[in-house]
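Take a slow look at the chain before reading on.

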Amino acid sequence: MHRFGKGLKILPSLTINIGELVDNSPQDCAVCGRLARYYCRECFAVTGTDIDSSGNICKECNERVHSDYKRNKHKKHPINVSHEICTSYANKPVEHREMELFAVICIETSHYVTFAKCEEPDGVVKWCFFDSMADRVGTKDGYNVPSVKECPEIIEWLSSEKQNRERIINTDDKEMPDRVRRILGDAYVCLYESKEMAMYK
């Protein structure tokens with residue numbers, strides 16, 4: 001991830017849709033969620049800031065959206081869809097193939113820390129902060145003392161709701177909780193998992 005620039009904030013998504021990365025996978029319409037038949041690069045350029053926008057659009061929405069004089073000159077590219085997929089999704093929305101965020105590795109100078117999602121035996125999910133260099137015993141021949149702390153504020157700030165994103169943009173770094181500022185400013189690697197495809201559960 002890009003980590004340079006004063007005031008830069010990176011908001012990791014709690015879930016990502018990987019459907020577009022899977023070969024021959026049906027795509028959903030960014031407007032209504034039904035099977036997409038076209039891709040419009042120019043529509044994506046306008047709405048691509050929205051986390052749910054993809055530029056994919058179904059036949060009905062394509063006709064409606066591109067009947068507007070501001071969009072009727074857009075170049076739409078057809079998406080190749082097999083007859084079987086068309087039949088399968090004729091009367092139902094396309095399911096998203098989602099992966100969930102389970103850890104974020106952050107680095108400040110040469111100091112790595114990790115935010116990780118931990119699930120307890122009763123199914124309760126909590127976010128924890130792991131710092132392998134939280135403290136130190138001794139000097140030259142000493143050793144680092146790791147620390148793990150619960151940080152419930154992370155899930156609140158990482159919510160992908162629009163008002164929450166605006167809150168992050170409009171909040172000064174100094175007014176944010178320390179660990180929230182850390183994950184937004186120093187995020188380096190985001191790790192995602194799919195429980196449906198997990199080999200070990």
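Predicted model: local features only at pLDDT ≥ 70, side-chain atom pairs only at ≥ 80, totals over all residues.

Start at Arg34, which has a relative accessible area of 37% and is therefore partly exposed.

What does Arg34 pair with? Arg34 forms a salt bridge with Glu60, and the closest N and O atoms are 3.9 Å apart. Glu60 sits in helix α2 (residues 59-65), while Arg34 sits in the loop between β1 (15-17) and β2 (38-40), so the pair ties together parts that are 26 residues apart in sequence. Glu60 has 42% relative accessibility, so Glu60 also counts as partly exposed. Side chains of opposite charge can pair when their charged atoms come close.

How many salt bridges does the structure hold? There are eight. Look next at Lys126. Its side chain meets that of Glu120 in a salt bridge, at 3.3 Å from N to O. Lys126 is partly exposed because its relative accessible area is 28%. Glu120, at 33% relative accessibility, counts as partly exposed too. Lys126 also meets Glu150 in a salt bridge, this time at 3.9 Å from N to O. Glu150 is partly exposed, with a relative accessible area of 41%. Elsewhere, salt bridges that share partners join Glu108, Arg182 and Asp186 into one network.

Now move to Lys149. It is found in strand β8, which covers residues 143-150. Is Lys149 buried or partly exposed? Its relative accessibility is 47%, so Lys149 counts as partly exposed. Leaving out residues up to four places away in sequence, Lys149 touches Trp127, Cys128, Phe129 and Arg179. Take Trp127 as one of these. Trp127 and Lys149 are 22 residues apart along the chain, yet their C-alpha atoms are separated by 8.8 Å.

Phe129 leads us to the rings. A search of the whole structure finds one aromatic pair. The partners are Phe115 and Phe129, with ring centres 5.0 Å apart and planes at 50°, so the pair is tilted. Phe115 lies in strand β6 (residues 111-119) and Phe129 in strand β7 (residues 125-137), so the pair ties together parts that are 14 residues apart in sequence. Both Phe115 and Phe129 are buried. The charged end of Lys92 sits over the ring of Tyr89, 5.2 Å from its centre.

Tyr112, Tyr188, Val189 and Leu191 make a nonpolar surface patch of about 330 Å². Which strand gives the largest share of the nonpolar patch? Strand β9 (residues 187-193) does, with three residues. Val189 is found in that strand, β9. Val189 has 30% relative accessibility, so Val189 counts as partly exposed.

Finally, step back to the whole protein. Its secondary structure comes to six helices and nine strands. Of its 201 residues, 30% count as buried. The protein exposes about 13900 Å², and carbon and sulfur atoms supply 52% of that area.

Terms used: Residues numbered from 1 in each chain as written. Heavy atoms only, no water. Helix = DSSP H or I, 4+ residues; strand = E, 2+ residues; numbered from the N terminus. Buried < 20%, exposed > 50% of the residue type's maximum accessible area, 1.4 Å probe, protein only. Contact = heavy atoms within 4.5 Å. Areas by Shrake-Rupley, 256 points an atom, 1.4 Å probe, with all protein chains shown as cover. Patch = residues over 30% accessible without salt bridge, like charges linked within 9 Å, V, L, I, M, F, W, Y side chains within 5 Å. Salt bridge = Lys/Arg side-chain N within 4 Å of Asp/Glu carboxyl O. Phe/Tyr/Trp six-rings, centres within 6.5 Å; stacked < 30°, edge-to-face > 60°. Lys NZ or Arg CZ within 6 Å of the ring centre and 35° of its normal.
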